[in-house]
Amino acid sequence: MIMSMRPHATREEIDHVTERIAEFGYKVHSIEGEERVVIGVVGVGDVTACLESLEATPGVERAMRISAPYKFVSKEFRKGRSAIKINGTEVGGDEFVMMAGPCSVESEKQIMETAEGVAAAGAKMLRGGAFKPRTSPYDFQGLELEGLKLLRKAKEQTGLGIITEIMSDRDVEMVAEYADCMQVGARNMQNFALLKSLGGCGRPVLLKRGMSSTIKELLMSAEYIVAHGNPNVILCERGIRTFETATRNTCDIAAVPVLNELTHLPVILDPSHATGKRSLIPALSRAGVAIGADGLIIEVHPCPEKAVSDGAQSLTLGGFRDMMKELQPYIKLWSGARSAELAAV
Ligand code: PEP
Ligand code: MN
């Protein structure tokens, strides 16, 4: 069950509602927004009696039953789409958003060149890891704070919003100072301490699907972030592990429309990690536009053969520019469909 208080309900009203819910044997999970308080009601009890009672309680605007285990992120909670603003650009609105950049921030020259190239080609956000989750402890682990500072410099030069990975709850404050959007990587999708701390980070979160995670588990992880106070979560399909070895991961292309049926949160596609192969990125990108993703996140490097990570799945700057041109007719169709959808709501 979820209930929202009227805008500017008094503290007494909120406390009274909380007490009533406890009397019915439920636990309360409240999110205090600027305008109104939304309360998640969880546990086992007499739902109908509790709903009826709450609807008649002063200060309550609406109480509703939500059957999905993920409450705040479900379509039952919000029918339309949630658009999330990052550095002035909305993800989940009427614009198809391109995010691009290297796997890792490596040097000032590399990040500046990439930022300028992808901005000129039409990207709105620069991605780049300063903290890298690597399978081997002997591989490049990221430039950390120095990398964050380089990303800031690239933002100042190009105006691009910055998306960068956060790996530990200890680093949330530091990364949030530099990032416009905090990326949670596949390997940390179920790092619940991290998810909880991102509830209070004050930045949108890009949550990537774990490589062996179900769609339901992805939504439950998003629910952690929202339930801890941050409604601005973007989901990302980045391929999952299967028996197939022709690609690095198997791109679960159906995950995008499935998520669009289950949640109001924006959903983007990462064709780079989903395939592991540069040659496949344009085809998967076209697919992403066609199935109604809200944007794409693409790895781009000025010289992929010298990249310290994920060079094989990185487009060159020229490759990214060409792909952006090829995508335009598809994006035009996307925009028409999205405008019609938004106008019908
Ligand atoms: C990345 O974006 O570079 C990355 C490590 O992605 P994932 O967490 O999806 O593997
Ligand atoms: Mn990568």
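**View 1. D139 and R134 pair up in a salt bridge****.** In this predicted model, the closest N and O atoms of D139 and R134 are 3.8 Å apart. A salt bridge here is a side-chain nitrogen of Lys or Arg within 4 Å of a carboxyl oxygen of Asp or Glu. Both partners are partly exposed: D139 has a relative accessible area of 34%, and R134 has one of 24%. (Buried means under 20% relative accessible area, exposed means over 50%, and partly exposed is in between, using a 1.4 Å probe and protein chains only.) Count up the salt bridges in the structure and you get 18.

View 2. R20 is partly exposed at 22% relative accessible area, while E23 is exposed at 56%. Helices (H or I, at least four residues) and strands (E, at least two) are DSSP runs, numbered from the N terminus.

**View 3. D294 and R81 link two loops****.** The side chains of D294 and R81 meet in a salt bridge, 4.0 Å from N to O. D294 lies in the loop between helix 10 (281–290) and strand 14 (295–299), and R81 in the loop between strand 4 (60–64) and strand 5 (84–86), so this pair ties together parts that are 213 residues apart in sequence. Salt bridges that share partners join R81, D294, R338 and E341 into one network.

**View 4. Helix 3 packs with helix 11****.** To describe two packed helices, you give the angle between their axes and the distance between the axes. The axes of helix 3 (residues 108–121) and helix 11 (residues 317–344) come within 9 Å and cross at roughly 15°. That makes helix 3 roughly parallel to helix 11. Angles under 35 degrees count as roughly parallel, over 145 as roughly antiparallel, 65 to 115 as roughly perpendicular and the rest as oblique. Axes are lines fitted to C-alpha atoms, for helices over the stretch in contact, with angles running from 0 to 180 degrees between N-to-C directions. On the helix 3 side, the contact uses E113, T114, G117, V118 and A121, and on the helix 11 side L317, F320, R321 and M324. Contact just means heavy atoms within 4.5 Å.

**View 5. Helix 7 is oblique to helix 8****.** Helix 7 (residues 215–227) and helix 8 (residues 255–262) pack at an angle of about 50°, with axes 11 Å apart. I215, L218 and L219 of helix 7 make the contact with A255, V258, L259 and L262 of helix 8.

**View 6. S314 sits in a loop****.** Look for S314 between strand 14 and helix 11. Is S314 buried or exposed? At 1% relative accessibility, S314 counts as buried. Leaving out residues up to four places away in sequence, S314 touches R278, E299, V300, H301 and P304.

**Notes for all views.** Residues are numbered from 1 along each chain as its sequence is written, and chains are lettered from A and ligands numbered from 1 in the order in which they are written. In this predicted model, local features need pLDDT of at least 70, side-chain atom pairs count only at pLDDT 80 or more, and totals for chains, interfaces and linings use all residues, while side-chain values use heavy atoms, with hydrogens and water left out.
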